[in-house]
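Thank you all for coming. I would like to go through one structure this morning, from the overall fold to the core and then to a pocket.

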Amino acid sequence: MSKILDELLYSDSHEWVKVDGNIAIIGVSDFAQEEMGDITYVDVPSEGDTVASGEDFGALESVKASSELYSPVSGTVVAVNEELEDKPELINEDPYGAWIIKVEMSDTSELDGLLNAAAYAEIAK
């Protein structure tokens with residue numbers, strides 16, 4: 001069974017969100033990285049780019065597949081985890097420690113549309 005952390009919010013496309021004030025720290029769930037297998041590449045936006053809730057902002061590539069990443073919130077990218085450029089496998093090793101981007105949210109009410117851990121567990125079966 002995949003690990004699901006109670007303190008995070010989740011999208012139905014398997015991204016997680018940790019809220020820190022007006023900043024959404026975004027990564028992919030343990031379930032998603034297990035399904036993908038060994039991640040070999042992470043495509044991410046640049047700092048200063050804008051992302052929109054439900055729109056793709058990058059992709060993960062693995063030995064098995066390529067999968068789009070969808071932003072759970074709208075806003076401006078304020079940080080990118082540059083460590084993933086050289087070590088994409090960090091997502092496999094620690095999916096909740098290896099965040100992908102940080103977004104300054106333009107509409108925090110979008111968080112209301114995300115799933116809590118119990119609801120996410122139902123779709124990650």
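The protein chain has four helices and nine strands in its secondary structure, where helices (H or I, at least four residues) and strands (E, at least two) are DSSP runs numbered from the N terminus. Read from the N terminus, the order is β-β-β-α-β-β-β-β-β-α-α-β-α. The radius of gyration is 13 Å, close to the 14 Å that the globule rule gives for 125 residues, so the chain is as compact as a globular protein of that length; the radius is taken over C-alpha atoms, and the rule is 2.2 Å times the number of residues to the power 0.38.

A word on conventions: this is a predicted model, in which local features need pLDDT of at least 70 and side-chain atom pairs count only at pLDDT 80 or more, while totals for chains, interfaces and linings use all residues. Residues are numbered from 1 along each chain as its sequence is written, and side-chain values use heavy atoms, with hydrogens and water left out.

Of the 125 residues, 46% count as buried, meaning under 20% relative accessible area with a 1.4 Å probe and protein chains only. Which residues touch the most other members of the largest nonpolar core? Among its 25 residues they are I26, L60, I91, I100 and I101, a core being a set of buried Ala, Val, Leu, Ile, Met, Phe, Trp, Tyr and Cys residues joined through side-chain atoms within 4.5 Å. The elements that give two or more residues to this core are β3, α1, β4, β6, β8, α3 and β9. Apart from it lies another core, of twelve residues, including I4, L8, I25 and A79. Leaving aside neighbours within four places in sequence, I91 is in contact (heavy atoms within 4.5 Å) with V28, Q33, I39, V42, L60, L84, A98 and I100.

In strand β6 we also find A59, which is buried, with a relative accessible area of 9%. Not counting residues up to four places away in sequence, A59 touches Y41, V42, D43, S66, S67, E68 and L69.

Finally, Y41, V42 and D43 are also among the residues that line the largest pocket. β4 (39-43) and α2 (83-86) each supply at least two residues of that lining, and β4 gives the most, with four.

Methods
On a 1 Å grid over the protein atoms alone, a cavity is a set of points where a 1.4 Å probe fits but cannot get out, and a pocket is an open set with protein on both sides within 12 Å along at least five of seven lines; lining residues have an atom within 4 Å of a point. Buried means under 20% relative accessible area, exposed over 50%, partly exposed in between (1.4 Å probe, protein chains only).
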